[in-house]
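Please look over the sequence and the model shown here before reading on.

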Amino acid sequence: MHQATSDPGRVGEAIRTRGYELDMRVPAIGDPLPTNMDDHVAAVIFGGPMSANDDHEAYIRDETKIIDLFLKTETPYLGICLGAQIMARALGAEVREHPEGVREIGYYCVSPTDEGNHLFDAPLNAYQWHKEGFDIPVDATLLATGEYFPNQAYRVGKNAYGIQFHPEVTEAMNKRWATKAAHMLDDPGAQSKEIQLRSRRKYDPDVKIWLDRFLDHWLPA
């Protein structure tokens, strides 16, 4: 995770309910990253307000380097938003803002590609909070697309996934983000706090179903 106050949210809760312990680390405040994956069965890099392009930050460089370890050891990996962008950069793809300055903040439709139908049985209105998106790395498989940021989910190798959206966000996290970063809700494409919470009541049950389905596919049996 990327801030002292970061919360793994529903992803963390769902992983715990599947019998795993969480080893939560925040490299941005000095926590070291593992040097091997012998004691871990999977890894998640969550989102954050920083950019995958922040090469001046040692922790961003370290997180970018550890992607190689995950891929070489075939460790199941999930990159959420920034975590997906970090994997894309680690594999030589670009991360950048929308050319017209559009942000995705709120609920936006994510549509599966033919290759992603096993993970998405229908288009998903998923929660988003980002101003940058990723290109798809060479040899990666595009799994889902979106209107404003066309690359929404991809897979690398056997079990490394990057997703642009935020299935981990609980209602409390939604309210906290929309309050603490309220200044961003005036940006192009951003939805108001009221619209976000109204959309959440409509769409969040499907997001939870998607997350459970994904974790059952992604985590070791």
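Ala153 stands opposite Ile163 in β9, where strands are DSSP runs (E, at least two residues) and helices are DSSP runs too (H or I, at least four), each numbered from the N terminus. This is a predicted model, in which local features need pLDDT of at least 70 and side-chain atom pairs count only at pLDDT 80 or more, while totals for chains, interfaces and linings use all residues. Residues are numbered from 1 along each chain as its sequence is written, and side-chain values use heavy atoms, with hydrogens and water left out.

Strand β8 (residues 153–156) runs antiparallel to β9 and is joined to β9 by four bridges; two strands count as paired if DSSP finds at least two bridges between them. Arg155 stands opposite Tyr161 in β9, and in the hairpin of these strands, which has three residues between them, Gly157 takes a positive phi near 65°. Strand β2 (residues 77–80) also pairs with β9, here in the parallel sense and over four bridges, with Ile163 as the bridge partner of Ile80.

In a regular strand the side chains alternate between the two faces of the sheet. Both faces of β9 are covered, since Ala160 and Gly162 on one side and Tyr161 and Ile163 on the other are all buried, a word that means under 20% relative accessible area, with exposed over 50% and partly exposed in between (1.4 Å probe, protein chains only).

Which rings are joined with Tyr161 into a cluster? Ring pairs link Tyr161 with Phe120, Phe165, Trp210, Phe214 and Trp218, where rings of Phe, Tyr and Trp (its six-membered ring) pair if their centres lie within 6.5 Å, and planes under 30 degrees apart count as stacked, over 60 as edge-to-face and the rest as tilted. Because Phe120 lies in the loop between β4 (104–112) and β5 and Phe165 in the loop between β9 (160–163) and α4, the pair ties together parts that are 45 residues apart in sequence. Phe120 and Phe165 are both buried.

The count by this rule comes to 13 aromatic pairs. One of them is the stacked pair of Phe70 and Tyr77, with 5.3 Å between the centres and 25° between the planes. Phe70 counts as buried at 5% relative accessibility, and Tyr77 is buried with a relative accessible area of 1%.

The last topic is open space. The largest pocket holds about 730 Å³; on a 1 Å grid over the protein atoms alone, a pocket is an open set of points where a 1.4 Å probe fits, with protein on both sides within 12 Å along at least five of seven lines, and lining residues have an atom within 4 Å of a point. Grid points are joined across faces, edges and corners, and a volume is the space filled by probe spheres set on the points. Of the 27 lining residues, the closest to the centre of this pocket are Gln3, Gly48, Pro49, Trp129 and Trp177. Helix α4 gives the most to this lining, with four residues.
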